[in-house]
Amino acid sequence: MKLLVPVSCFRQIWLILQAITEFVQVPDKEKILFIINPKSGVQSKKNVPAMVEKYIDRNRYELFVEYTAYAGHATEIAASAVNDGFDVVVAVGGDGTVNEVARALVHTKTALGVIPCGSGNGFARHIGIPVDVRKSIRFINKAETVSIDYGKLNGSPFFCACGVGFDALVSIDFANGNTRGLATYVQKTLVDWVKYEPEVYEVVVDSVKKSYKAFIIACGNASQYGNNAYITPFASMRDGLLSISILEPFTTVEVPFVVAQLFANMLDRNPHMTTLNARKLTIKRKKEAPVHYDGEPAVMDAELNIEVVPDGLNVLAAPGWDGTCDIIPLHRQFFDAITGNVQLPEFPLFKLR
């Protein structure tokens with residue numbers, strides 16, 4: 001016995017399926033742009049595009065890649081991406097590249113991603129992004145968007161840290177030199193160490209003024225300069241505060257202990273260290289002098305106005321991330337160093353260009 005189904009039934013089924021398809025729409029892919037700075041850090045970027053092509057989640061992302069050609073180019077590319085409706089812009093480089101890209105994304109819906117390829121990668125390390133191209137791409141595939149704070153130094157945005165003192169002086173002397181390389185940097189550091197006289201700064205926090213004769217003053221949105229050098233150990237990117245470390249002068253004999261505490265996340269225990277938290281602060285000096293922000297040197301006015309901007313930037317982070325940094329134990333850092341996972345630190349005291 002044959003069962004005859006009227007043609008009208010098939011038509012009704014087709015209309016129902018069509019209605020379901022229109023109701024349950026497949027979400028659009030997120031547009032993601034990778035901005036590659038070929039000159040940042042010490043590692044080659046030539047294999048990055050191929051690795052992105054291989055490991056990016058094509059079900060989630062529609063992929064685009066661009067290269068920078070000059071200083072500030074990443075900011076221009078990122079600003080155009082915002083105007084073109086990109087969901088994510090990924091900085092492929094170090095903290096300087098992150099700064100260039102991020103400053104174009106603040107107070108927009110576009111999120112910042114990072115593939116850390118710099119010398120120190122302080123921003124990425126604080127968030128917990130793996131310092132490995134393949135792993136960092138997979139991190140992006142699983143990440144969620146969260147909002148973080150950023151800082152301003154006399155109006156210039158920074159996302160990791162800024163500061164004044166000896167490290168800023170060495171950084172700008174090296175940048176202004178005619179030669180590059182480790183030998184030149186060591187030479188600049190030794191010469192500046194011999195002649196450097198720690199300055200007296202007036203620091204104003206919450207209308208309270210106090211003077212410090214300081215070797216370094218660091219203001220951190222992130223906990224570290226890079227390569228797990230924890231200059232502001234208690235910093236969080238999601239608490240609406242800057243973490244301030246004021247390191248007063250110490251002797252040459254104490255240098256190894258200070259460095260060890262820096263990498264062991266115990267600098268707050270140093271007797272020469274003062275730590276503060278603030279939404280705004282002012283640092284007053286005798287005259288204009290060097291500063292650094294996100295590893296880049298500059299010369300700014302005698303008075304420095306520093307503030308935090310809460311929830312000003314969207315970033316890709318691990319689900320559930322609370323804004324703080326997972327501390328890497330010293331023995332793990334030593335293992336990373338001997339296996340080649342750590343390059344020369346990018347924080348200004350040791351930075352190479």
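Mentor: The model is predicted, with local features needing pLDDT of at least 70 and side-chain atom pairs counting only at pLDDT 80 or more, whereas totals for chains, interfaces and linings use all residues. Residues are numbered from 1 along each chain as its sequence is written, and side-chain values use heavy atoms, leaving out hydrogens and water.

The protein chain contains 10 helices and 16 strands; these are DSSP runs, numbered from the N terminus, with helices being H or I of at least four residues and strands being E of at least two. Of its 353 residues, 49% are buried, where buried means under 20% relative accessible area, exposed means over 50%, and partly exposed lies in between (1.4 Å probe, protein chains only). Among contacts with a separation of 6 or more, 73% are between residues 24 or more positions apart; a contact means heavy atoms within 4.5 Å.

In β3, residues 88-93, six of the six residues are buried, so the strand is largely enclosed by the rest of the structure. In a regular strand the side chains alternate between the two faces of the sheet. In β3 both faces are covered: Val 88, Val 90 and Val 92 are buried on one side, and Val 89, Ala 91 and Gly 93 are buried on the other. Strand β4 is likewise mostly covered, with six of its six residues buried. Ala 111, Gly 113 and Ile 115 point one way from β4, Leu 112, Val 114 and Pro 116 point the other way, and all are buried.

Next come the pairings, for which two strands pair if DSSP finds at least two bridges between them. Strand β1 (residues 30-36) runs parallel to β3 and is joined to it by five bridges; Phe 34 has Val 90 as its bridge partner in β3. Six bridges join β3 to β4 (residues 111-116), and these two strands also run parallel. Val 90 has Gly 113 as its bridge partner in β4. From β3 the chain crosses through helix α4 (residues 95-105) to β4, and this β-α-β crossover is right-handed. A crossover is called right-handed if, with the strands pointing away from the viewer, the path from the first strand over the helix to the second runs clockwise. Another bridge links Ala 91 with Val 114 in β4. Strand β4 is also joined to β16 (residues 303-317) by two bridges, and these strands run parallel; Leu 112 has Val 315 as its bridge partner in β16.

For contrast, consider the aromatic side chains elsewhere. The structure holds nine aromatic pairs. Rings of Phe, Tyr and Trp (its six-membered ring) pair if their centres lie within 6.5 Å; planes under 30 degrees apart count as stacked, over 60 as edge-to-face and the rest as tilted. One of these pairs is Phe 166 with Tyr 196, which is edge-to-face, at 5.3 Å centre to centre and 65° between the planes. This pair links distant parts of the chain, with Phe 166 in helix α7 (residues 166-175) and Tyr 196 in the loop between α8 (182-195) and β8, 30 residues apart. Phe 166 counts as buried at 1% relative accessibility, and Tyr 196 is buried with a relative accessible area of 15%. Phe 166 also forms a stacked pair with Phe 215, at 5.0 Å centre to centre and 20° between the planes. Phe 215 lies in the loop between β9 and β10 (216-220) and Phe 166 in α7, so this pair ties together parts that are 49 residues apart in sequence. Phe 215, at 6% relative accessibility, counts as buried. Phe 166, Tyr 196 and Phe 215 belong to one aromatic cluster with Trp 193 and Phe 250.

Ser 207 lies in the loop between β8 (199-205) and β9 (208-214). At 71% relative accessibility, Ser 207 counts as exposed. By contrast, β3 has six of its six residues buried.
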